[in-house]
There are 2 protein chains.
Amino acid sequence: MRESETVTDTQQPTAGTPEGRPLADDEVARIDAWWRAANYLSVGQIYLMDNPLLREPLRPEHVKPRLLGHWGTTPGLNFIYAHLNRATMARDLDVMYVMGPGHGGPGPVAAAWLEGTYSEVYPQVSQDETGMRRLFTQFSFPGGIPSHVAPETPGSIHEGGELGYSLAHAYGAAFDNPDLLVAAVVGDGEAETGPLATSWHSTKFVDPRRDGAVLPILHLNGYKIASPTVLSRIDADELDGLLRGFGHTPYVVEGEGHAEMHQAFAAALDRCLDEIAAIQHRARSEGISERPRWPMLVLRSPKGWTGPAEVDGHPVEGSWRSHQVPFADARDDDAHRAVLEAWLRSYRPEELFADAGAPVPEIRDLHPGGERRMSANPHANGGRMPRDLRLPDFRDYAVPVEAPGTGAVESTRVLGTFLRDVMAANMTSFRMFAPDEHNSNRLGAVLEVTDRAWNARTVPGDDHLAADGRVMEVLSEHLCQGWLEGYLLTGRHGLFSCYEAFIHIVDSMFNQHAKWLKVTNDIEWRHPIPSLNYLLTSHVWRQDHNGFSHQDPGFIDHVVNKKAEVIRVYLPPDANTLLSVTDHCLRSRQYVNVIVAGKQPQLQYLSVDDAIVHCTKGIGIWEWASTDAGAEPDIVLGCAGDVPTMETLAAVELLRGWFADLRIRVVNVVDLMRLQDDREHPHGLSDREFDALFTTDKPVLFAYHGYPWLIHRLTYRRANHPNLHVRGYVEEGTTTTPFDMCVLNRVDRYNLAIAVLDAVPRLRDVSAHVREALKNKLIEHRQHIRTHGQDLPEIRDWQWSAEPGPDVRGDNEPLTEPSPS
Amino acid sequence: MRESETVTDTQQPTAGTPEGRPLADDEVARIDAWWRAANYLSVGQIYLMDNPLLREPLRPEHVKPRLLGHWGTTPGLNFIYAHLNRATMARDLDVMYVMGPGHGGPGPVAAAWLEGTYSEVYPQVSQDETGMRRLFTQFSFPGGIPSHVAPETPGSIHEGGELGYSLAHAYGAAFDNPDLLVAAVVGDGEAETGPLATSWHSTKFVDPRRDGAVLPILHLNGYKIASPTVLSRIDADELDGLLRGFGHTPYVVEGEGHAEMHQAFAAALDRCLDEIAAIQHRARSEGISERPRWPMLVLRSPKGWTGPAEVDGHPVEGSWRSHQVPFADARDDDAHRAVLEAWLRSYRPEELFADAGAPVPEIRDLHPGGERRMSANPHANGGRMPRDLRLPDFRDYAVPVEAPGTGAVESTRVLGTFLRDVMAANMTSFRMFAPDEHNSNRLGAVLEVTDRAWNARTVPGDDHLAADGRVMEVLSEHLCQGWLEGYLLTGRHGLFSCYEAFIHIVDSMFNQHAKWLKVTNDIEWRHPIPSLNYLLTSHVWRQDHNGFSHQDPGFIDHVVNKKAEVIRVYLPPDANTLLSVTDHCLRSRQYVNVIVAGKQPQLQYLSVDDAIVHCTKGIGIWEWASTDAGAEPDIVLGCAGDVPTMETLAAVELLRGWFADLRIRVVNVVDLMRLQDDREHPHGLSDREFDALFTTDKPVLFAYHGYPWLIHRLTYRRANHPNLHVRGYVEEGTTTTPFDMCVLNRVDRYNLAIAVLDAVPRLRDVSAHVREALKNKLIEHRQHIRTHGQDLPEIRDWQWSAEPGPDVRGDNEPLTEPSPS
């Protein structure tokens, strides 16, 4: 059989016949019996709540009153499962099964029950009639399990909810797992999604030497909910070209005859596994470095395969009508119930299950043992041995800070040196992901110890590309996120750096992952997995090109909507706090950590020891910047994040120059969730702690780069909330003023200072001339940038000074001296 | 030349040579001159703020102090522009230009200036030296224009921000524009995104008879910011297979020699245009219905083509270093400035621009006239004649409501009959979009007058597929959104129906579109375009399969973050209000309208006349459901959306049975933005109006299906906000209780009633037994659904009754009679 041949049992112009019929007749019979058992159990889950072994004729009360579930894709998933088991046993493989059409939840649940895993983790669902009844009843039932593949499903890392991420998850799982084979079923509906469509190109990012193999199985069953699927309706040459274009050698299996399909699929699967073994041998033993054309399977089978051919005169098997529950009213409609019973009996359950309800030995033995069972594969449960990262001491990477608020540094560049050594110490369990922004985010130091993963053609001038690179760069936030999720879900560690402007692209993926974490927290047998760490740079506040013109800082809002126990948001103002926060995040498990830190040069504030203290508290008064000297302040200036912190300090300096006795307290927030109530978030401050920082009655002005209402929402229960004024990002479309964004916007020193004049009662009557001077500065600066294209030098070069600062008087504006209060 | 041949000027194994050299030598010279002019103007925009014609040697003050922009992709965009102009003139075509690599903003701005369009819409940027200086200075400069293709760019419908949507926009523009050719440049970086990767399959959704043609031009310039691009580094056979797999016949143009590249590109473009003409002739004149293999171009050219070969010893042209500004410090670094001057002079500006600064006649005439200029194409400005939809009278589709709160109806099914006739009356200007959920969303009536668009193979049993179908179904929310945006931006109308659970997939696309609307509101020459209408069904609240298990109702929160002037959110509680709201949305322009309406059977409340009144007000007291009879209420029950409204009314009925004199006011909200302050949103209520509804001091309990803090945020300035308690969706991961979601959750009658007992002071001491009875009901219901798999009949069959309702006593729990207050 040549590569280009098609393994099939039907006559097709371009099709060949499989060279071999690898299965003995009794093997076909056994595999088919296992398949029938899995299908029987799947139909049972969708329809039945009693009489699980059909010991008596089906009566209305045996059928669930409300039917929910997806049959259409399930028999295909079961068919593949059976064949993967055969191959696993024959070759002693380590196989993980990722099911793109995760709505076929009954399938893997049935398989896990047949393999015994289900009863091991859920003892009440035992391998007997009682357990089978529970298995059926619990499915899509109050207090039971969801209809999709879910965290509750043993052997799965892939939520069967929103479609599109199966291949990305599969590759993420395969990275750095050289002995693992990830069989990934891609549904032909799912294949229409954008994320899946680009995931095929993962073939250029996998290293046959170091990484495991992914075996995609494109399952063409022809229909989505109601429409046909694109890939099932294009010409054979188009499909072949497409899959080869993705870097694969496709083998097509198609038809309906069960015995022939078993033979054809087994032959094609054997061929694929042989090729994978040969690829890995060439790469690992012969040292040949080439990008292989990885084999893959195309399974074309009827939707709702083995289901009723027709119900009420409409075709069901092979039709979109099989997508969910093929027919309703099976409880009270006698004809429908008869169809259901005939359908169930067509699997001949009496041959499949012993009297007590357990699978008969021929079936029970038709799967590998222990951790070789796909439903018990340890990779699918946080990895074989979820290990902590070996982390260097982040204090060794700290920048010296001679005086707070001086010495501008690109904080993420400092972080890059730490991450470089994190990478070097964890060369099989840590990866970094970025949509082609790794260096742009100033993390280039990492490339001193590894390369960008790249297994396609290279040319002179390329920068740090290698098949075994560990920095994953592709211009797809979806793929970055999906790979990373797969990597984390199999127990490894990673960090995703992205411009804040574009991270909304993965809002929906973040949702699913956060929910997965939340649910697994309550599933005893699930191991905790390393946290999903985002580093958001180029925050929208300071975006020249991207961001303000067409995006927003709302990802944090989106994150904070999730359950408090799984989300953390950090806004380190400088390099040393960024180091401390990142170290903390890399050690954590079961969280989504969002770190927001600009990549532009920023003033540095805290020595590393001070940074550790500050980050451990997560929030604190900066005494050195405050002028309240422990007394009751006139105003509290809160700030979070690098630019807002700088602008706040600059405002303090301005005001200090005018009003020598004004008592300002500066409170900096690193851990945003500290603002929330301790009854709402585990990091939340108690009311007493909050009040001690922000007072209960003094005005509070809070500078934040995102939407102001988020700060309000986090603090609305606090006693002093009525006095809180947040200066943040308010949606203003202005693509015409990219530079204005740099400094002159919501959170800026002059506006903040003016807001202080408004907020502090004792300044109101004495500050008219200060207000005028500040307003003039705003106008002067605006005029300056529109003429010269850059900020005024006093803005550009500003640093904090412990000395009483200069006031804002211009040469031409003699002003009265600051008034005493 | 056979289809499979490659048009190229370099030696490649699979390459042929173009059959012809279609250009005369002087034509090559003229096209090249135009290209040089566009490139000169592009470099000028990135670097210069004075001395635009290089009349004197370049001095530091002529160079911008801060350099921002993207050079790398720009010369390729200009090259294509020049050739499209030639073809447009030769064939009198109607061409729109969509630039996927929209960061190449200097290119189309330069072209628009050369074509005169720029000076027409921005007279101060005149076609002379002064105008050229302004053209240069304004680029990426405070008070100027953004560095990306933007709403300010004449001829563009495509924001050059987040990548991935160019092909989808192009197809959206081509739909129902039979005479339009949309040339769509796909960057090879962009091609890695998921949305773009699946957009290629649009070939199966375009009708050669009725729709215009899209000519994709895959621009392989090899690099993203730092990494190579996948498609530029796979083998030629893979790329060829891939593009053919997408349904195209690709023609490859590659090389560096300018003259040869002009010839090769012109030959290949001619070939493509010939094929498109032939395809359209076969479809339109010969009536042949087949899916054509649409031609497309692959242009392989160096990144930063025509730029400096080398700077500081590093290669620049053809390298990733060309991506943004190829070299910095051109102001103060004499060597760099010399490189810049040599680079600019290499275009020989003295040949291109006359003394006064205008393009010389040979160049000025090298574009078509009037609306044939791509920069002046009316399609790119809201369409040639943005027409209103012809709408039937929605009152004709209303359901009769005999008594409020009775007669459950699937509201979206009723809407479907209206939309059917909207479709029938607008068969060239209205389309509907759904990720395979059109029928699932109960909009199937529309298929009585049209079909699903489908131009791939069909088989018996397929349901309503036709090449000229107007219901666009593909399992990609990205593609649905992108097509619709393209359709709207060219002046037509549409509606996107989607499960609320999955609409987060397009968060980021929504962002860009909303920002586009906001910015175009301030651009005088831009015509208003029809609104982007979302119909979100299967709201998360009532999602059995999807939604609660892995998604959330946060899309509304995301929408409300946008500028108030462009967003509207509606929650019609029943069919007649849904009709009224949808009619309103379909008439509107320049908004994003979000309509949330469940597809399950729901009670009906308002006659169509009442619905019109209610929707016009957007919020109002439901007197018939209230018991305060115009007096001061004990409590206000607010509600928005179908399920929360039903549960609120059920709670009223329960309470009425217990407390005959309890004064409850029911306020229903259809237009969510009414809750906001009229200073924040144009639909907002004044404080006086708000207080009249919600009082200033009585407890308010608000039932909402989404995150409760959104309601708080909208109302936090209101006098009565301290007394507002919102019962909404709080993030609880619980895939184990899909059924519990249906009724027994946050917003439910028993919990609401208990909350009323808590909130109304005069009930506190007299309601202990009622509270117990309500809690028992909750437990009874939970037990019932876990046993029987469906709600208690009294829940399932509940309807509003104007009679005093039954109380909640069970047979076994005799209780004292309700206490008088």
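Contact here means heavy atoms within 4.5 Å. By that rule, 123 residues of chain B are in contact with 122 residues of chain A. This is a predicted model, in which local features need pLDDT of at least 70 and side-chain atom pairs count only at pLDDT 80 or more, while totals for chains, interfaces and linings use all residues. Residues are numbered from 1 along each chain as its sequence is written, chains are lettered from A and ligands numbered from 1 in the order in which they are written, and side-chain values use heavy atoms, with hydrogens and water left out.

**Chain B against chain A**

- The two chains bury about 10100 Å² between them, 55% of it on carbon and sulfur atoms. Buried area is the accessible area (1.4 Å probe) that two parts lose on being put together, summed over both.
- Twelve salt bridges cross the interface of chain B and chain A. A salt bridge is a side-chain nitrogen of Lys or Arg within 4 Å of a carboxyl oxygen of Asp or Glu.
- Arg293(A) and Glu238(B) meet in a salt bridge through their side chains (3.4 Å, N to O).
- Between chain B and chain A, 38 residue pairs are in polar contact, both at pLDDT 80 or more. A polar contact is a pair of N or O atoms within 3.5 Å; within protein, one must be able to donate a hydrogen and the other to accept it, and residues adjacent in sequence count only if both atoms are side-chain atoms.
- Elements giving two or more residues to the side of chain B that touches chain A include α7, α8 and α15 (507-520) of chain B. Helices (H or I, at least four residues) and strands (E, at least two) are DSSP runs, numbered from the N terminus.
- α15(B) supplies the largest share of that side, seven residues.

**Domains 1 and 2 of chain A**

- Chain A is assigned domain 1 (25-367), domain 2 (394-603) and domain 3 (621-796). The bounds come from an automatic or database domain assignment.
- The centres of domain 1 of chain A and domain 2 of chain A, taken over C-alpha atoms, are 35 Å apart.
- Their contact takes 37 residues from domain 1 of chain A and 34 residues from domain 2 of chain A.
- These two domains of chain A bury about 2800 Å² between them, 59% of it on carbon and sulfur atoms.
- On the domain 1 side, Pro151(A), Asp176(A) and Phe205(A) lose the most area to domain 2 of chain A, together 24% of what that side buries.
- Three salt bridges cross the interface of domain 1 of chain A and domain 2 of chain A.

**Salt bridges**

- The count over all chains comes to 120 salt bridges.
- One network links Asp176(A), Asp207(A), Arg210(A), Asp211(A), Arg431(A) and Arg470(A). Within the Asp211(A)–Arg431(A) salt bridge, the closest N and O atoms are 2.9 Å apart.
- Glu341(A) and Arg345(A) form a salt bridge (2.9 Å, N to O). They are four residues apart in helix α10 (residues 334-345) of chain A, about one helical turn.
- Glu341(A) is buried at 16% relative accessible area, whereas Arg345(A) is partly exposed at 33%. Buried means under 20% relative accessible area, exposed over 50%, partly exposed in between (1.4 Å probe, protein chains only).
- Glu192(B) and Lys224(B) also pair in a salt bridge (2.7 Å, N to O). Glu192(B) lies in the loop between β2 (180-187) and α7 (194-199) of chain B and Lys224(B) in the loop between β3 (213-220) and α8 (236-245) of chain B, so the pair ties together parts 32 residues apart in sequence.
- Both Glu192(B) and Lys224(B) are buried.
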